[in-house]
Amino acid sequence: MSVVECPGCSGLTFTVLPCVCRIGGDRLLYEAGTYADEPYRDCARCAGVGTRAVACVDCGGVGRRRAQLVLTVANLDTGAVASASVVPGSVPPTPDGTGGWELALRPLVDELATAVGVPPPTVEPVWLTLPLSHRYRPDTPADQREALVAAAIAGRSYRPWRVFVGRSVGRPAPPDPARALARLRGLADLLRLDLVVEARRGPGATRWYVRYEVPGGRVPDEIGAGFPDLPAALAATSPADALAGLRERGRHAPGHAIGSRRSTPVGWRSVLAGAAGPARVARRLGRLLRRVGGAQAVWRDGRWWYVPLPDGPPVDEIRATDTGQVSWWRRGTLVRATEPPAPSWQGQPIGYATCPDCVPGTRLRRCRCLLDGDQDCRHCSGAALEPSEFVCTSCGDSGRVPEAVTVTLTDLDGFAIHELWRADHDDPGVPVAGWPGGAPVLRLDRRYRLAERAATLGVRPADLVDADGGLPLHRDLREGLVFPDGTTVPALVRFVRKAAAGRPGARLIVAAVRPVTPPLAAVLRLGAGLGLDVAVTVTDQRPDPDQPLREAGRWWSVELVAPGTPDERISPPGLPSVEAAVGFCLRMLDGAVHAAVPADVQVPLVVPQMPRPDADPWIGVPSRGVVDPTVALLRLARHYPDRFVRVRFQADGCVVGLFERAGWVPVVRAAGLAAALGALGLRP
């Protein structure tokens, strides 16, 4: 492995860059998009100089860069791992088709995938191609060629270790666009939502989007990069993806009860005879795009409504910058030329009150001094309002507090029920707990306890999540609990307001879907193959009547960390199931791998290899049968109730630790989890 001088800073570890205040020039208020190339005399960043010396972002202020890349492919089912080190001379340069030369890494990754028995990973070509300098030629002297190749490899040092994870079962075939669209249409009818297929003309090409919306919402301004065509958008959009961001898109949609309960065909099981397919929808939208900048096909009440999106009134945005200046710019918008007829299932409007905790359209929020009784508040100076960058928790920046909320419980496949929770009848609740001498914690009637509905859908209460984003449903909404807040507002009113806060169109959509993730054993094998520690933290918290604010139940954390990482830097248990913790761990794999790269560029990267795993890392000996580490970890958590228990699986065994006031304290060190349980007197 070689180390090269950072070309970004020429080895100086810092660079002198123009200050961003030069954009607006020597003006307090300037229009964004212009460039004055003049420093702001009162700049808070450069003090009017116009330039700033900052640590080089390319090398992290080191001045040198490691000329080595490591590509790793892992089989999540077997634990097999194969890696290759890319250094000067390991990959022969090839022509790039434009007269230049490049290092093509795709064949190397495909070879690693074959070695571990997984399909080739799907990666954008730009990530597996290293362009060489225009000075590279095959007849260039060997030392110069090697230096140019080393510089190209070092150019990717911001991400020197890449791990691709696959499954032995192979990648499923792309879904048929017609069936995918039919499934989304059926689910839209089931959930009483609009399915929107949108096309927008952008720089160079048209971009396509597929999503769910609440009827009556506005056309969103920022919706992401999109897809090049409708089949690609349908292939990449699952029902959960289509629901993501529903709260922001429906922030200003009016709330309505769900009236009609007529049945509609559900999901992919029915093609919804007579409905236009993807090709016809794309053609209709393409014709509309000839006249306007965008167009939508809205699936509502069993048919498509095609709506052009002309330019709407511009919106002026003013933002403060960290230079002390204020930028102003005018942003264009799109609006619907016509609105499709209201859906037949839409019932009576849901009334609302003006939000008392914010000023709609601004960042002003009610100041905390109103609760603390602080007469000389340093946040608001007695105005009772303070600026905040966070969304208002009472109204979600909509400015409205609904009087009711429509609750939808669904499995995102073929089942959904809709209920209207109103605060127009008296349900005082039953006291279930409380602080000594204080107001009690109340539990409402069974119709407000979503946890009791989970069993009918074959899931656990911990599997109930907000369909928009997939976050676990709050315990209060699951169990129908109302905590005292020092006011005289009835319990049911407070509960309904909390359920409706910031919901699009006063809709709370709860998904009852058990997480589909690999078993915990697969993560342990993956950590052993990559040479990383796996820290599994679990707690079994029992219900305590004297502490009603504590979340009872089992809580998990699964994290891949570099060997030697302090326990204090590892996340505590915060997810309600081991499946959710495993899923989060795999989503954070890139970050864990990046954190394991040595900071010293003189230290070469490890090239992990484990072609045939023959031992289960949590046992410590060759496996003699199927062993589920989750069962052993739960037994360990029951042995230490109400405590944070962490088992850290390392290359030489495992360490069981407990969280004390002074930090993490090791309890047992053993060759494997079974030996650790035996040392504690527990049955493996």
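Start by selecting Ala 244, which lies in the loop between α5 (239-243) and α6 (246-249). Residues are numbered from 1 along each chain as its sequence is written. The model is predicted, so local features need pLDDT of at least 70, side-chain atom pairs count only at pLDDT 80 or more, totals for chains, interfaces and linings use all residues, and side-chain values use heavy atoms, with hydrogens and water left out. The helix and strand labels are DSSP runs numbered from the N terminus: helices are H or I with at least four residues, strands are E with at least two.

**Stop 1: around Ala 244**

Is Ala 244 buried, partly exposed or exposed? Ala 244 is partly exposed, with a relative accessible area of 35%. Buried means under 20% relative accessible area, exposed means over 50%, and partly exposed is in between (1.4 Å probe, protein chains only).

A contact here means heavy atoms within 4.5 Å. Then pick Arg 211: its C-alpha is 8.1 Å from the C-alpha of Ala 244, and the two are 33 residues apart in sequence.

**Stop 2: helix α12**

Select residues 578-587, which form helix α12. Its buried residues are Val 578, Glu 579, Ala 581, Val 582, Gly 583 and Cys 585. Which elements do they pack against? Show α11 (520-530), β32 (553-561), α13 (589-595) and α14 (629-639): the buried residues of α12 pack against these.

**Stop 3**

Select strand β33, residues 645-650, where five of the six residues are buried. β31 and β33 run antiparallel and are joined by five bridges; two strands count as paired if DSSP finds at least two bridges between them. To see one of these positions, select Val 536, whose bridge partner in β33 is Val 647.

Move on to strand β34, residues 653-660. β33 pairs with β34 in the antiparallel sense, over six bridges. Follow the chain from β33 to β34: a hairpin joins them through two residues. β34 is also mostly covered, with six of its eight residues buried.

How many bridges join β34 to β35? There are seven, and the two strands run antiparallel. Phe 659 stands opposite Trp 664 in β35. β34 and β35 form a hairpin with two residues between them.

**Stop 4: the whole protein**

Clear the selection and zoom out. The protein has 15 helices and 35 strands. Its radius of gyration is 29 Å, close to the 26 Å that the globule rule gives for 684 residues, so the protein is as compact as a globular protein of that length. That radius is taken over C-alpha atoms, and the rule is 2.2 Å times the number of residues to the power 0.38.

Turn the model along its principal axes: the C-alpha atoms fill a box of roughly 85 × 75 × 65 Å. Buried residues make up 45% of the 684 residues. Among contacts with a separation of 6 or more, 65% are between residues 24 or more positions apart.
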